[in-house]
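Subject: Structure handover

Hello,

Here is the structure I said I would pass on. Please open it first, then read the notes below with it on screen.

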Amino acid sequence: MVHSKISAQTELGEGPHWDDDQGCLWFVDIVGHRVYRYHRGSENLESRLLPDDVSVVVPRRQGGLIVTLGRGFYSLDWTSGALTLLSSVEPDRPNNRFNDGKCDAWGRLWAGTLDRSERDPLGSLYCLDVDLRVRKVLDGVTVSNGIGWSPDQRTMYYIDSATKIVAAFDYDLERGELSGRRDLLFIESGTPDGMAVDALGMLWVAHWDGARISRWDPQAGTLLQEYTLPVDRVTSLAFGGPDLRELFITSARHGLSPDVLDAQPLAGNIFSMTAPAPGLCAHPFGG
Ligand code: CA
């Protein structure tokens, strides 16, 4: 079942991304300002300290990494630690920052923002295209979070945590465009956070303050399985390992009282379990 896999003790662990080329898991500690690389074979864990909140890390096809830092998209050279600004958003909203993001099968990076108070719909969803141009795709978002695509790439799933809803859009992969938004699932236990999709097209949702992950059939709208964790703040999840059957789950210590932290010493670690179906492969940034 679910067990603690990486004793990272992150403040706000997030953004797990399986890198099949390197056999490693990338993830971030948003408010701890760190990017991590975990080699599954050697269990070696390395990190880099960055100068701001870092919410997304994905490899680039041409080499190196893309990260979202504050309100900007940056390239990151892992060896030297050099950061280069590619594009930034929302200069008029200094209290906003980027949050969750993911690449589509074309290699575009989709990532959204939130207002740090997490109360008002001041965030937006953006798409960084492979030519490094940025488009705003949605606005009026409160806490932009999990993103995923169906195995046939014709549906995009999206979570604005404040709505407690997993929404679906028709997805045009060739153009990178959304249409036909509809509400798919309402999450009752805790708040929906990160998301992953397995090879059978089932949705996996991390429950912030819900101490669990859940698996859903998006066509029927039914809950298939739930797996509990020994920590309240479950943030995101990603399939990895050589056969994409290992599910890595991030968690947080952020905002928990000393009493809760005493009772949940594993909070902030990365958990793992063997999934009942393999996941879809994660895509690198194509630009
Ligand atoms: Ca998140």
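Keep in mind that the model is predicted. Is Leu 125 buried or exposed? Leu 125 is buried, as its relative accessible area is 0% and the cut-off for buried is under 20%. From Leu 125 to Met 1 there are 124 residues in sequence, and the two C-alpha atoms are 34 Å apart in space.

Ser 75 belongs to strand S8, residues 72–76. With a relative accessible area of 13%, Ser 75 is buried. Leaving aside residues up to four places away in sequence, Ser 75 touches Arg 60, Leu 65, Ala 82, Leu 83, Thr 84 and Leu 86.

Next, the metal site. Which residues coordinate the calcium ion? They are Glu 14 through OE, Asn 145 through OD1 and Asp 193 through OD, at 2.2 to 2.3 Å. Along the chain, these donors follow the spacing E-x130-N-x47-D. Asn 145 is in strand S14 (residues 144–149) and Asp 193 in strand S18 (residues 191–197), so this pair, 48 residues apart, links distant parts of the chain. Asn 145 is buried at 4% relative accessible area, and Asp 193 is buried at 5%.

The largest pocket has a volume of about 430 Å³. Its lining is made of 28 residues, and those closest to the centre are Lys 102, Ile 147, Leu 280, Cys 281 and Ala 282. Among the elements that give two or more residues to the lining are strand S2 (13–19), strand S10 (96–103), S14 and S18. Sorted by class, the lining has 16 nonpolar, ten polar and two charged residues.

Last, the aromatic rings. The count comes to nine aromatic pairs. In one of them, Trp 204 and Tyr 227 are stacked, 5.8 Å centre to centre with 15 degrees between the planes. Trp 204 is in strand S19 (residues 203–208) and Tyr 227 in strand S21 (residues 222–228), so their pairing ties together parts 23 residues apart in sequence. Trp 204 also pairs with Phe 239: the ring centres are 5.9 Å apart and the planes stand at 85 degrees, which means the pair is edge-to-face. Because Phe 239 lies in strand S22 and Trp 204 in strand S19, this pair ties together parts 35 residues apart in sequence. Both Trp 204 and Phe 239 are buried. Elsewhere, ring pairs link Phe 73, Phe 98 and Tyr 126 into a cluster.

Regards

Note on methods. Residues numbered from 1 in each chain as written. Predicted model: local features only at pLDDT ≥ 70, side-chain atom pairs only at ≥ 80, totals over all residues. Heavy atoms only, no water. Donors = N, O, S within 2.8 Å, 3.2 Å for Na, K, Ca; no water. Helix = DSSP H or I, 4+ residues; strand = E, 2+ residues; numbered from the N terminus. Buried < 20%, exposed > 50% of the residue type's maximum accessible area, 1.4 Å probe, protein only. Contact = heavy atoms within 4.5 Å. 1 Å grid on protein atoms, 1.4 Å probe; cavity = no way out; pocket = protein on both sides within 12 Å on 5 of 7 lines; lining within 4 Å. Points joined across faces, edges and corners; volume = space filled by probe spheres on them. Nonpolar A, V, L, I, M, F, W, Y, C, P; charged D, E, K, R; others polar. Phe/Tyr/Trp six-rings, centres within 6.5 Å; stacked < 30°, edge-to-face > 60°.
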